[in-house]
Amino acid sequence: MQAIGFISLWMLISLLCGQLANTGEHEDVVKHAIKLHRGKGAVVTQRKQWVLESCRKLSGLLRQKNVVLNKLKNAIRAVEKDTGLSDEEKLFQVHTFEIFQKELNESENSVFQAIHSLRRALQGDYKDVVNMKESSRQRLEALREAAIKEEMEYVELLAAEKHQVEALKNMQHQNKSLSILDEILEDVRKAADRLEEEIEEHAFDDNKSVRGVNFEAVLRVEEDEASSKRNASKREVEDDLGLSMLIDSQNNQYILTKPRDSTIPRADHHFIKDIVTIGMLSLPCGWLCTTIGLPTMFGYIICGVLLGPSGLNSIKSIVQVETLGEFGVFFTLFLVGLEFSPERLRKVWKISLQGPCYMTVLMIAFGLLWGHLLQIRPTQSVFISTCLSLSSTPLVSRFLAGSVRGDKEGDIDYSSVLLGMLVMQDVQLGLFIAVMPTLIQAGASTYSSIVKEILRILILIGQILFSLAAVFLICLVIKTYLIGPYYRKLHTESKGNKEILILGISAFIFLMLTITELLDVSMELGCFLAGALISSQGHMVTEEIMSCIEPIRDFLAIIFFASIGLHVFPTFVIYELTVLLFLTLSVVIMKFVLAVLVLSLILPKSSQYIKWIVSAGLAQVSEFSFVLGSRARRAGIISREVYLLILSVTTLSLLLAPALWRAAIMKCVPRPERRSST
């Protein structure tokens, strides 16, 4: 009975594809086939007769298909042996025959795949959601593969059409004599065709069979004014240039990164408009914050809020804006290192190393305690505590910009301690990013494998420490043998032309961040070390480079702080304002108290007064918690609600930071230095 049912379903598909034209007939045949499959509703003689007739029709179609395939093979051999045809004509005709062969084979395969899918659905349980989901997934995969095959066939048809045009041109050229100009243009055309073939990357064909590659359905969206007739010609140009936007079923949006034809210059107009809009709106927002006594960086964050998803939602290329903003972090940390000479680093290196480590350990201990009381998973408690223990290096460097920071009577400078601790936190950030995959595995592991996960974390920590040692060894070699001659060469070549100096310094920054990235340490540390190495060449060198790099840093910093505003959601803050204010004040007070406690233990007695300023600088939460939170949410370490809480607490702590910093400056810094620090 299963064999009869399978054959009947087989014949059903063929009948549906080519024999029936009426919808009512379709439904009758479907019902009849289901009854036959279940052994009901028909006598044995009728069942056998229907099956035999259907098999006869299908077998006739398959025999006819084989006859056509043999004729196509003979036709291909005849074309290849025909000496009267040019190579282009042979290529066109053979290509056309091969496409038709492939179409016949794919049509036959589609019939059998459809029969198998229908048989599986009839045998399934309609009450079993898991089974229905698996059937739906298999059908979706089949449709994706069919779409890919159809797309490839269409591309082959375009290629065949191109070969046909080539053949016609060759026939025309043979029938008439060409002028010198026509011959030159024909040679140029052939050279251009060879160039396109050489530079074209078959990325689709090369990657479609790679492990981990999935076929997905996407929407191709043109400009917002797609319905406007006056933009029709513009849309046609953009369509040809491949500047449309793709949207997948998960609502992720994609733009073109590398075109098929690299000979045509292209530009991402959405990204250009985003940068222009941010630049224009940042000016009034920055002015407003200056008027009310806030740092301009908060005006740039407000600009991002107004233009982001929670505001006008006018930023299309969010990822590209955030990527450009990362360069603002790089150049900011470079200038921080430029002001942070190796002599000052040696003076406070013990405090810079011990302080952040003690604070992180204490934050994790408090986090585990509260997590145990609130019944939160240990992995989630560790992540949240580590995330909140980090402080914002770009924010504090803006606080310290232009301030007078000289040591007095052998005392330790508060800016040196503060920047040293922040740089060490950047190192911890790189360490934590490296440990995150193990933390994810630990969250999904049983208690029997916790020991293995702890050992793995210890091994990772050992690798990071080894990488740090290698980084500082490389810095020692560069400082001793390379940085002096390199800068003197740049200074000589850049007389009357600052372009070479700026390019040389930027290349050195990128070299250092590449080295630290290859050694699995954060790129931010590489930028800081690049500035520290150049500052070893003297005060005059520092002043010259700072005057060239500061304008670049300022513009990129605007983009960076605006990109932070893209992830601030005022409506969520307003809805949960009471809870968020309580959490933010708790985090800020806890970080301030822990910093004061740690600094009281490690600072010399003569420098105890700076603990209040340093603690105020460390009391906010780093903007890198956005990055860590997004990764943890994707990995399943934290929930959506916890992620939004981290974003909101980070934002509010950054808003409170200027007030806390000014209060500490007013209390602890003498009046002449206080004016320059604020």
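This is a predicted model: local features need pLDDT of at least 70, side-chain atom pairs count only at pLDDT 80 or more; totals for chains, interfaces and linings use all residues.
Me: What share of the 678 residues counts as buried?
Reply: Buried means under 20% relative accessible area, exposed means over 50%, and partly exposed lies in between (1.4 Å probe, protein chains only). Of the protein's 678 residues, the buried share is 39%.

Me: And what part of the accessible surface belongs to carbon and sulfur atoms?
Reply: Accessible areas come from the Shrake-Rupley method with a 1.4 Å probe, and for residues only the protein chains shown count as cover. The surface comes to about 38500 Å², and the carbon and sulfur part of that is 62%.

Me: Let's turn to helix packing. How are α21 and α22 set to each other?
Reply: Helix α21 spans residues 577–602 and helix α22 residues 611–618, with an angle of about 140° and axes 8 Å apart. Axes are lines fitted to C-alpha atoms, for helices over the stretch in contact, and angles run from 0 to 180 degrees between N-to-C directions. The α21 and α22 pair is therefore oblique.

Me: How many nonpolar residues are in the contact of α21 with α22?
Reply: α21 passes α22 in a right-handed crossing (left-handed if the near helix is turned anticlockwise from the far one by less than a right angle, right-handed if clockwise). Contact means heavy atoms within 4.5 Å, and here Lys591, Phe592, Ala595, Val596, Leu599 and Ser600 of α21 meet Lys611, Trp612, Val614, Ser615, Ala616 and Leu618 of α22. Ala, Val, Leu, Ile, Met, Phe, Trp, Tyr, Cys and Pro count as nonpolar, Asp, Glu, Lys and Arg as charged, and the others, Gly among them, as polar. In the contact of α21 with α22, two residues are polar, two are charged, and the nonpolar ones number eight.

Me: How does α11 lie relative to α17?
Reply: α11 (residues 318–339) and α17 (residues 498–518) pack at about 100°, with axes 11 Å apart. This angle makes the arrangement of α11 and α17 roughly perpendicular.

Me: How many charged residues are in the contact of α11 with α17?
Reply: From α11 come Phe327, Phe330, Phe331 and Phe334, and from α17 Ile505, Ser506, Ile509, Phe510 and Leu513. By class, the contact of α11 with α17 has eight nonpolar residues and one polar one, and the number of charged residues is none.

Me: What is the handedness of the crossing of α17 and α18?
Reply: The axes of α17 and α18 (residues 523–535) come within 7 Å and cross at roughly 135°. The two helices are therefore oblique to each other. The crossing of α17 and α18 is right-handed.

Me: Is cysteine 475 buried or exposed?
Reply: Cysteine 475 sits in helix α16, residues 450–493. Setting aside neighbours within four places in sequence, cysteine 475 has contacts with Met512, Leu529 and Leu533. Because its relative accessibility is 7%, cysteine 475 counts as buried.

Me: Which residues does serine 563 contact, leaving aside neighbours within four places in sequence?
Reply: Serine 563 is in helix α19 (residues 539–565) and, with a relative accessible area of 6%, is buried. Its contacts beyond those neighbours are Val321 and Glu322.

Me: Is asparagine 313 buried, exposed or partly exposed?
Reply: Asparagine 313 lies in the loop between α10 and α11. Although not a glycine, asparagine 313 has a positive phi of about 55°. With a relative accessibility of 44%, asparagine 313 counts as partly exposed.

Me: And glutamine 375, buried or exposed?
Reply: Glutamine 375 is in the loop between α12 (342–373) and α13 (378–389). Its phi is near 60°, a positive value in a residue other than glycine. Since its relative accessibility is 75%, glutamine 375 counts as exposed.

Definitions and conventions
Residues are numbered from 1 along each chain as its sequence is written. Side-chain values use heavy atoms; hydrogens and water are left out. Helices (H or I, at least four residues) and strands (E, at least two) are DSSP runs, numbered from the N terminus. Angles under 35 degrees count as roughly parallel, over 145 as roughly antiparallel, 65 to 115 as roughly perpendicular and the rest as oblique.
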